[in-house]
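Please open the model in your viewer and keep the selection tool at hand. The stops below say what to select next and what is found there.

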Amino acid sequence: MFTVRISDEYQEERSWIEHIPATFDLHGEIVQAKKNRNILRKVAHKGRMYNIKSFHIPRFFNRIIYTFFRKSKALRSYEHAFILREKGIGTPVPIALLTEKLGGLIARSFYVSEQLSDEYQEIRYCYRGPLAGNEETLTAFAQFTAKVHDSGVYHTDYSPGNILFKHNETTGEYDFQLVDINRMKFCEVSMEMGCKNWARLFECDEIYEFVARQYAKARGFDEKKCVALIMKAQNDFNKKKIRKRKLKKLIGKKD
């Protein structure tokens, strides 16, 4: 039996939403799927596109944690979406949350949201550079990140695939949207904390120095300090990534 929560604007779709667990494997296009991980599907319904995320059943210990001590990933995704939108931060419209319990413990869960149009692309496109030709986009992105942090939002999985944007060529405006939002903190974001949030976003030092300066201007911070902190965060992240790869190689585990 699934417990279902539906946003007020989508109550008329209750019947369709309640049948999602039974029809999930039958309809739509798989956007993302990894072994023993979550599955993301793009599904059409009554002429509209929806994004449905099926969260894998946690291991037994985590089932206890998510049942009694911590909110599930699906629940956090649903609640965080409302918080972000209230703060004026873009994220796909939240529609529904479905949660199943077996033996008194959380099992399967689904998060449903509106599917963004194909106009949006990941910020990943300038992951390795170059800076030249992307200054306008990167300035807008730095200003968006500053707004997110000034709003008291810290996305702990702030990575290239979780930030989408589109550019209106006519008005020159950029629209940014955050996805995969279950891992977030809502707190005051200091300069040190904010700069650390940039660690995973690019591999190009020239871009990092540029966005660090734009980010500092947007938040009223010292530019040199922001450059130093962001470059350190990137360097620390890269070192940690190399150590993990060496450890996996040592124990014979594949990526």
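**First stop: a buried glutamine**

Select Gln 214, which counts as buried because its relative accessible area is 15%, where buried means under 20% relative accessible area, exposed over 50%, and partly exposed in between (1.4 Å probe, protein chains only). Gln 214 lies in helix α7, residues 205–219; helices (H or I, at least four residues) and strands (E, at least two) are DSSP runs, numbered from the N terminus. Leaving aside its neighbours within four places in sequence, Gln 214 is in contact with Thr 139 and Ala 142, contact meaning heavy atoms within 4.5 Å.

Residues are numbered from 1 along each chain as its sequence is written. This is a predicted model, in which local features need pLDDT of at least 70 and side-chain atom pairs count only at pLDDT 80 or more, while totals for chains, interfaces and linings use all residues, and side-chain values use heavy atoms, with hydrogens and water left out.

**The whole chain**

Now zoom out to the protein chain, which has eight helices and 11 strands. Its radius of gyration is 20 Å, close to the 18 Å that the globule rule gives for 255 residues, so the chain is as compact as a globular protein of that length; the radius is taken over C-alpha atoms, and the rule is 2.2 Å times the number of residues to the power 0.38. Along its principal axes the C-alpha trace spans about 55 × 55 × 30 Å. Of the 255 residues, 46% count as buried, and among the contacts with a separation of 6 or more, 63% are between residues 24 or more positions apart.

**Helix α3 and what covers it**

Select residues 60–69, helix α3, in which Arg 63, Tyr 66 and Thr 67 are buried. These three lie on the same side of α3, because they cover an arc of only 95° around the axis, the arc being that of the directions from the helix axis to the C-beta atoms. On the face turned away from that buried side, look for the exposed residues Phe 61, Phe 68 and Phe 69. What covers the buried residues of α3 includes α4 (73–86), β5 (94–102) and β6 (105–114).

Staying with strand β5, select Glu 100, which is found there and counts as buried because its relative accessibility is 9%. Apart from neighbours within four places in sequence, Glu 100 is in contact with Met 1, Phe 2, Leu 105, Ile 106, Ala 107 and Arg 108.

**Salt bridges**

Side chains of opposite charge can pair when their charged atoms come close. A salt bridge here is a side-chain nitrogen of Lys or Arg within 4 Å of a carboxyl oxygen of Asp or Glu, and by this rule the count comes to 16.

Select Lys 46 and Glu 13, whose side chains meet in a salt bridge at 3.6 Å, N to O. This pair links distant parts of the chain, 33 residues apart, with Lys 46 in the loop between β3 and β4 and Glu 13 in the loop between β1 (2–6) and α1 (14–18). Are the two partners buried or exposed? Lys 46 counts as exposed because its relative accessible area is 63%, whereas Glu 13 counts as buried at 9% relative accessibility.

Next, select Lys 42 and Glu 29, which form a salt bridge with their closest N and O atoms 3.8 Å apart. This pair also links distant parts of the chain, 13 residues apart, Lys 42 being in strand β3 and Glu 29 in strand β2 (residues 29–33).

**Backbone stops**

Most residues other than glycine have a negative phi, and most peptide bonds are trans. Return to Lys 46, whose phi is near 50°, a positive value in a residue other than glycine. Asp 180 likewise has a positive phi of about 50°, and its place is in the loop between β10 (174–178) and β11 (184–186). Then select Gly 129 and Pro 130, between which the peptide bond is cis, with omega near 5°; Pro 130 lies in the loop between β7 (121–122) and α5 (135–150).
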